[in-house]
There are 2 protein chains.
Amino acid sequence: MENFTYCTPTKYVFGRDAELQAGTEARKSLMTKVLITYGHGSVVRSGLLDRVKKSLSDAGVEYIELGGIDPNPTDPKVREGIELCRNNNVDGLVAVGGGSVIDTAKAIAAGVPYPGDFWDFWAGKAIVETALPVGVVLTIPAAGSEGSGNSVITLLDGMHKISLRTEKALRPVWSLMNPELTFTLPPYQTASGIADMMAHIFERYFTNTPAVEITDRVAEGVLKAIIEEAPKVMERPDDYDARANIMWAGTLAHNGICGTGRKEDWVSHFMEHEVSAVYGVTHGAGLAVILPAWMTFMANHHPEKVAQFGRRVMGVMSHDDATAAMEAVMSLKAFFGSLGLPVTFAGLGIDKPDIDLLVKKLHENKGNIIGGYYQLGPEQTKEIYQLAL
Amino acid sequence: MENFTYCTPTKYVFGRDAELQAGTEARKSLMTKVLITYGHGSVVRSGLLDRVKKSLSDAGVEYIELGGIDPNPTDPKVREGIELCRNNNVDGLVAVGGGSVIDTAKAIAAGVPYPGDFWDFWAGKAIVETALPVGVVLTIPAAGSEGSGNSVITLLDGMHKISLRTEKALRPVWSLMNPELTFTLPPYQTASGIADMMAHIFERYFTNTPAVEITDRVAEGVLKAIIEEAPKVMERPDDYDARANIMWAGTLAHNGICGTGRKEDWVSHFMEHEVSAVYGVTHGAGLAVILPAWMTFMANHHPEKVAQFGRRVMGVMSHDDATAAMEAVMSLKAFFGSLGLPVTFAGLGIDKPDIDLLVKKLHENKGNIIGGYYQLGPEQTKEIYQLAL
């Protein structure tokens, strides 16, 4: 096991009506005037935004708003938010939405007190030392941003989609998680979220760090729970308990508990980020395509851990690692398929992906050799993209 | 799933030489003068206490000391510590040891700023609102106190052993966890610690709350890891990786992650607390006796979840719940036995336990009807104690 530091101070308030705690929690975290971030109006139409506003007002917390945040959020919205906060003496953010809305709030939170350009943090030129506190009202279980210190933003100039990871600075101060808010998620978004949270576990699970049984077992447990609960939420979108299990699994998948003491990978995420940056696909759906391709490559080159996943999680029985790994890939594809997710570029609606462009941008952004579980150069990442055809 | 609030702000520094961070972490948590608590000198003999002191001194943090804390710690030592802190303007505590040492530090931390008697908190007459910050250098993986908000203290007058549970106030600010410090633990203490951490999971796992698959699976994962790693640490006490897995499992067993969204039980702990209060046995060894007795009772009265534990964790195959539950009990007893732990009162060295006294004190302390998974009155708890003969 590797040495590690682990600290997750986020306070989770989980359950029915959790969003009504926004005002109380904002006060407790010393917010007096907040910027509320949200997406394209579903939180307006559902009345959620009004409930959050009322909760803030009732607690004496002022607010201004920044709506219209897109999936795969980009830097102009972040810059707009930073200006808004500075001009209005905002001292906290409340993100009402999913990963894109939360990640934008985190980027604004980091940018406001920073004298330089906020992109410096994403470009690796500066480290986030201080940030405004961020509170979350979660509506989409997927990105895990409600518990993580991460934020993924795309720089429009060059379409660079980059994930910033902080140990603690950008973890939300509080996250309000009401599973009922996810009843109305469209099936494709529900399924994509499930693929995303599974990917967050895989990226940690596939490691060469030996003797990490405790995190292996926890990761396998979270994966098993997701695989058992996923069909229930697809079949009955208003199944509270199934939604609750999926929602909490999404947090555990990405708050770091599945990664303690081990080298992580993240190549599948990097490879997908190029796909969604270029083709604008839903991140989780892109992952449902990339993950099996990556695992297929590994079945041929480094099958051990993929085989373990197959045996312990997917019920694969083969003793030979390469065979067990390929069986794991097939059962994972079948699982994604059963949720209505694509497992090929064509299924994503990309008939002729420009793989050379994807490979070029990937290695430009991430370096010539990438990957933790298995090191990949441009030749290998090209092969993996091709396996997704 | 039940609604829940979950917040674990403790910063874990895990790995070789972690104890050398004591000074830095004390400074970061604004400690200027600390009380170091410890037990009966093994930390002196090993040189650990000196390393911690040097780390504090190097960081400019002053310290005074309170050694001689016993297993099953009692109120006089807490009162002594509170006086010491008040007379010396101490603003933080550093516990160097296992559960008893940490729990005493927490009790002192709660007592110093409180104008009344610290026992008020344990007696349920007051709630801990504020406490001095507590840092931990962990030497025994067992009690999980390095990550929990709990503290177990025995009031000498009447031998009342009571566990106080706080959501956040008494969670350590930081915990330094170096698995190497556990290499020299005697086998019996290592094994007792393993039983203790398993019990912390069982008390959460055995619930009637339906549809808690995510926490069930996480709990089962931690149990599996413990069962796989335990024989390794018994066989090779200096196996770093096995010690590391056990140490981190002990934290996850009790920092609340296995209990989110469910009603918990804690009857086995309550029943054992009476045994160790009256007979002074090691808490974990007492649990190795009580847990199988409790499960045996449940196999006859409410076997479902015991059967699930048997099938998912112990490899039991029987389809009938009562049979599967009894097989789970037998395999758990065999596992404890393989670690050198007792599974009966006689094995604990108590040939004729005064069961009537244990039952009387148990219900005096905890009420006439106790238990979450199954409600137990004096008649039933007497039967469980008798099943441990």
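Reader: How many residues of chain B are in contact with chain A, and what makes a contact?

Author: In this predicted model, 37 residues of chain B are in contact with 36 residues of chain A. Contact means heavy atoms within 4.5 Å. The model being predicted, local features need pLDDT of at least 70 and side-chain atom pairs pLDDT 80 or more, while totals for chains, interfaces and linings use all residues. Residues are numbered from 1 along each chain as written, chains are lettered from A and ligands numbered from 1 in written order, and side-chain values use heavy atoms, without hydrogens and water.

Reader: What area do chain B and chain A bury between them?

Author: About 3,300 Å², with 60% of it on carbon and sulfur atoms. Buried area is the accessible area (1.4 Å probe) that two parts lose on being put together, summed over both.

Reader: Why is the pair B:R217 and A:E228 called a salt bridge?

Author: A salt bridge needs a side-chain nitrogen of Lys or Arg within 4 Å of a carboxyl oxygen of Asp or Glu. The closest N and O atoms of B:R217 and A:E228 are 2.3 Å apart, so the pair qualifies. Across the interface of chain B and chain A the rule finds two salt bridges.

Reader: Which elements of chain B supply at least two residues each to the side that touches chain A?

Author: They are β1 (4–14), α8 (213–235) and α9 (240–252) of chain B. β1(B) gives the most, with eleven residues. Helices (H or I, at least four residues) and strands (E, at least two) are DSSP runs, numbered from the N terminus.

Reader: How many salt bridges are found over all chains, and what is one within chain A?

Author: A search of the whole structure finds 52. One of them joins A:K382 and A:D356, whose closest N and O atoms are 3.3 Å apart. A:K382 lies in helix α15 (residues 378–387) and A:D356 in helix α14 (residues 355–366) of chain A, so the pair ties together parts that are 26 residues apart in sequence.

Reader: Why is A:K382 called partly exposed?

Author: Buried means under 20% relative accessible area, exposed over 50%, and partly exposed in between (1.4 Å probe, protein chains only). A:K382 has 33%, so it is partly exposed. A:D356, with 49%, is also partly exposed.

Reader: What separates A:K360 and A:E364, and how is each classed by accessibility?

Author: A:K360 and A:E364 are four residues apart in helix α14 of chain A, which means about one helical turn. Their side chains meet in a salt bridge (3.1 Å, N to O). A:K360 has 52% relative accessibility and therefore counts as exposed, whereas A:E364 has 48% and counts as partly exposed.

Reader: What makes the salt bridge of B:E19 and B:R51 a tie between separate parts of chain B?

Author: The closest N and O atoms of B:E19 and B:R51 are 3.0 Å apart. B:E19 lies in the loop between β1 and α1 (22–28) of chain B and B:R51 in helix α3 of chain B, so the pair ties together parts that are 32 residues apart in sequence. B:E19 is buried at 2% relative accessibility, while B:R51 is partly exposed at 31%.

Reader: How do you know that B:V52 is buried?

Author: The relative accessible area of B:V52 is 0%, so it falls under the limit of 20%. B:V52 is found in helix α3 (residues 48–58) of chain B. Not counting residues up to four places away in sequence, B:V52 touches B:E19, B:A22, B:V94, B:V96 and B:V137.

Reader: Why is the aromatic pair A:F335 and A:F336 called tilted?

Author: Rings of Phe, Tyr and Trp (its six-membered ring) pair if their centres lie within 6.5 Å; planes under 30 degrees apart count as stacked, over 60 as edge-to-face and the rest as tilted. By this rule the count comes to 40 aromatic pairs over all chains. The rings of A:F335 and A:F336 have their centres 6.1 Å apart and their planes at 45°, so the pair is tilted.

Reader: What makes the pair B:F202 and B:F206 stacked?

Author: The distance is 5.7 Å centre to centre and the angle between the planes is 25°, so B:F202 and B:F206 count as stacked. B:F202 is buried at 2% relative accessibility, and B:F206 is buried with a relative accessible area of 2%.
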